[in-house]
Amino acid sequence: MMQKLSENILDKFSMDFLRSQVLKNAYGNNDTVIAARDPRVLLAWYLFFGLVPWFVQDMTFLLGCFVLVMITTLLARVAGLVLLLFGVGVFSQTGYLLLVTWLFGGDASAIMPLLILTLKVATISLASVTVFSGLDPDRLANGLMWYGCPERLSFSISYAYRILPMLMEEFQNVLLSYRLRGNPPAHDTFAGKVRYLAYQVKIIMYAFYPLMLNTAKRSRTTVEALEIRGYRYAATNKEVRRIKLAGLRLTWDDGIFAALSLLWVAATLLLGTLV
Amino acid sequence: MGIIEIRDLCYTYPGAAQPTLNHVNLTVEQGDFLAIVGNNGCGKSTLCKVLNGLIPHFITGQFSGEVTVSGQNTLESDVGTLARKVGYVYQDFENQIVRPTVLDDASYACLNYGMTDYLDQGRRALAQCGLQGREEEYVWQLSGGQTHLLALAGAVALGPDILILDEPIAQLDPGHADRIYGVLRELNETYGKTILVIEHHTEYIADFCKHVLLLKDGQVSWMLPARQALARVEELQSCNIFPPQVTQAAHALRERGLLPAGTELPTTVEEGKAAFAPLARKTALPHPAAMPRDHGPEAAALQGVTVSYRSVKGEPRVVFDKLDLSLYKGEKIALIGSNGAGKSTLMKLLVGLLRPKEGTVALNGTPLRDTKPEQLSRLISLVYQNPEEMFIKDSIEGDIAYAMQVRGVENWPEKTQALLERFRLTELAQRDGRLLSGGQMRRASLAIGVALNPGILLLDEPTANLDIATRREILRTLNEMKEITETVLIATHDMQLVCEWAQRIIVLCGGKVVADGTRDEIFGNTELAARVGIRPPEIFAMGRALDEKALCYTVPEFLSQFEGADA
């Protein structure tokens, strides 16, 4: 039973799965409420929820923010893998401290600060998850460009998403070469399992070498094609920037989104002073 | 004055000892459809990069002479200006696509050059290339042929007068290849574009191109109307270019005096009908041996296999639904079908990379589920379509040795040497596989594939992206390998390979086995061929056009059937 389960998990957690999750995360949810927002509004929104919680100690306010970003994360229909990473991340940052303190009989004076810290980290992470995986990369790039980020950065973001699936497929094939031709240590005993794990890690590291060379070979064409297609030309041309940003438009819904968030924050602040 | 004028062009790559282009003179008229042919490394791609200004503006080197494109001297111009006059589609076109959605990519260049109506330009280009209705799709949802059309649309969007394509159909099945050339003809005839293609498939040159340019050692040998050019059989063959099979057959018959000495050689099946009309087919022919029906024990079996891929949105895509298939020991099998029919998926299933959602895959009677992939490697081996992904060491010697070395196979150094010898790689043993030529890379990947002496060898498109001469070489290697490998399965679009090599042919279509048999059973069935979009070699069509009962797959077979006398 246990073996079946572990096999099943490994099965699910294949390169193929990662690839589909990355794509899903980037482009699979472009019809959600969050994805439809103007990227400039979302970035400003993120600036608030990504920064302010650090400087506030008020429990009610933090809880309020946490609930709000949780709702937006749900609205953005973020891919499961990202949420899992979020969970692991928060736990490994501060969550384990909270758990340990509580288990070993720490009292409220010890638990409260840790709880607040965990809440802060969770709120900020969820706000990032909402913005960076709820928006499709191109809209995000355009939003960043509007705020004055260099064209190169915004191009890199959208190009990374274009090339990532290709890289992962290639990596998968290189790994398969190792798997088919390699000879891993037997892993029936515990020591064998450790050796097997070490072997796997080693193979993953080795696999980067062919991956890099293959990518370098591919990019020769990409570099020339970018040159022909006017990439360098656009990077220095103000007019192109204007055309690109012309696609950004504020709608009433953006206003409602901002107003609702504001209202929510105000309400939690009010509640905080009442309690 | 022509749309392209080249006067005394010499070009040497940085660091190269010999010039790649050596005193080239060339005039191309507006509205031409020109095929550029020549040996590997004769400077075809270099010549094309000179036309769009990448040379000398982006790739430096020694450049002399004068190149004028649409009245513009390339030396006095820049890449941006020239890009609007000359569109370029690379051989590895998928690396040319940089944006995630179809419309985005098609309009990308227009946006970069600051055209305010860039989206309309993109839409118009997509319509011209037959991709209308796919504007919002993501690029990874497209098939190989559609991706190529998108790369073409990206070039067309800027409204260039000249389009250059480097081996446009090397990776495509005949259906998609026809579509590409159909689009090119439309662009040429309706929109008046001048089109240059680097092309090895002389059948397509005969059908679509107006002129042929032969390059030899960086020099222009000649430029002639397509029909005259293809009739120069001996000269072309000396440059490793193989004229259409119909032309080869006619040439051989003329040599033997069976066709009058002065006849113009036919280049297409239509022309062949008239030229070969006086010939009669020998009636009493020894019937070719049919496939032995008593086959060996089962080597691999799929039972009720269902596979689907996750998709980014919506329902998973089902590739196979309850597929049953058995492969027997000692068989030489070709797996054919159009792009996306499930050929690669079937191979991934057999090596255990993919697990079926339902059903079982078994090798030698043992279900794959109970075998670890590492233990599989002695039973089965897969040679990828893309040989680069098989090179995991920094020399091909290391790559061939790897699997034997880590398993501590006895005498592995000697066995490695023997394999290098067998695949004619001894000289290249220390080179990195990625830096070899296409044919050498392919041979190296075959050597890696057979290193552990697997019972079953799977080859995914072993002749894709190779010119005809290299394809012949690989075919020869495959024939030599018959004695050292027991069961071989090749997935391919290359029907000449299928006809000359395979004993059993499996046709996949829409995830189902629609036909399974000998070449006579598969290609003799006209209705089947039309339905699944497979096309027998041209000489086969020629034979049948002359005599419905003639089944000849190679030029020598055709000759022996229609020659009358000695075979």
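Trainee: How many Å separate the centres of domain 1 of chain A and domain 2 of chain A?

Mentor: This is a predicted model. Chain A is divided into domain 1, residues 15-136 plus 250-275, and domain 2, residues 150-236. Taken over C-alpha atoms, their centres are separated by 31 Å.

Trainee: What area do domain 1 of chain A and domain 2 of chain A bury between them?

Mentor: Start with the contact itself. Domain 1 of chain A gives 8 residues and domain 2 of chain A gives 7. Carbon and sulfur atoms carry 76% of the buried area. The total is about 790 Å².

Trainee: Now the two chains. What area do chain A and chain B bury between them?

Mentor: The contact takes in 57 residues of chain A and 62 residues of chain B. Of the buried area, 55% lies on carbon and sulfur atoms. The total is about 5800 Å².

Trainee: Which residues in chain A lose the most area to chain B?

Mentor: Three residues stand out here. Together they make up 17% of what the chain A side buries. They are Arg181(A), Ile228(A) and Arg229(A).

Trainee: Which residue of chain B forms a salt bridge with Glu224(A)?

Mentor: Between chain A and chain B, 5 salt bridges are counted. A salt bridge needs a side-chain nitrogen of Lys or Arg within 4 Å of a carboxyl oxygen of Asp or Glu. Here the closest N and O atoms are 3.2 Å apart, so the pair qualifies. The partner of Glu224(A) is Lys49(B).

Trainee: Which element gives the largest share of the side of chain A that touches chain B?

Mentor: There are 24 residue pairs in polar contact between the chains, both residues at pLDDT 80 or more. Elements giving two or more residues to the chain A side include α1 (2-12), α8 (151-181) and α9 (190-228). The largest share is 17 residues, and it comes from α9(A).

Terms used. Residues are numbered from 1 along each chain as its sequence is written. Chains are lettered from A and ligands numbered from 1 in the order in which they are written. This is a predicted model: local features need pLDDT of at least 70, side-chain atom pairs count only at pLDDT 80 or more; totals for chains, interfaces and linings use all residues. Side-chain values use heavy atoms; hydrogens and water are left out. Contact means heavy atoms within 4.5 Å. Buried area is the accessible area (1.4 Å probe) that two parts lose on being put together, summed over both. A polar contact is a pair of N or O atoms within 3.5 Å; within protein, one must be able to donate a hydrogen and the other to accept it, and residues adjacent in sequence count only if both atoms are side-chain atoms. Helices (H or I, at least four residues) and strands (E, at least two) are DSSP runs, numbered from the N terminus. Domain bounds come from an automatic or database domain assignment.
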